[in-house]
Amino acid sequence: IFGLVIDPMSEGFRIAGTFKDGTVKQKYSASVNVSGGTKSFSWQVVDGKLPDGLKLKKKSSGKTAVISGTLKTAGTYEFTLQAADKNNLITTKNFTVKVSPVMSFEGSFVNSSVNESYSRSINISGGNAPYKFTVSNLNKLTKAGLTLKESDSGITLSGKLAKAGTY
């Protein structure tokens, strides 16, 4: 005859929460919590690797684990966190954090002359796409004969300048 005893505290013992993505050179701090189990708790990474520059710490209550630091290297980091309680109950959860390179801009807008065709682009790389563009004086630019076109990688200002001015 065999018997199985299930500790009622183990039911529902799990890690809850997610970690957000980030960008190189960005300060980062995010946390997850454990529910169920018996105080006190320990935390560790049991598989994979935290993003470069981040460390795992537990808050004083032990129910919360914080990953914080400054992100150093772009890449996709997969890791497994483990929480153990006072009675050696163990729970794990897999996480993925994507670290994007720093956003950079290439290109510039230059001066032009009236009735001259104009087309200049600014391309963006790095960061966390999709990008959102805001252009001041867009209304003045369109009245001057230029149009703004957005793409996944940047913006292009083109057209034929109808009137002189500073925009």
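Analyst: Strands here are DSSP runs of E with at least two residues, and helices are runs of H or I with at least four, numbered from the N terminus. One caution: this is a predicted model, where local features need pLDDT of at least 70, side-chain atom pairs count only at pLDDT 80 or more, and totals for chains, interfaces and linings use all residues. Residues are numbered from 1 along each chain as its sequence is written, and side-chain values use heavy atoms, leaving out hydrogens and water.

User: How do you know that β7 and β8 pair?

Analyst: Two strands pair if DSSP finds at least two bridges between them. β7 and strand β8 (residues 90-100) have ten, in the antiparallel sense; among the partners, Glu-78 bridges to Thr-96 in β8.

User: Why is β7 called largely enclosed?

Analyst: Buried means under 20% relative accessible area (over 50% is exposed, in between is partly exposed; 1.4 Å probe, protein chains only). Seven of the ten residues of β7 (residues 75-84) are buried, so the rest of the structure largely encloses this strand. For the protein, buried residues make up 31% of the 167 residues.
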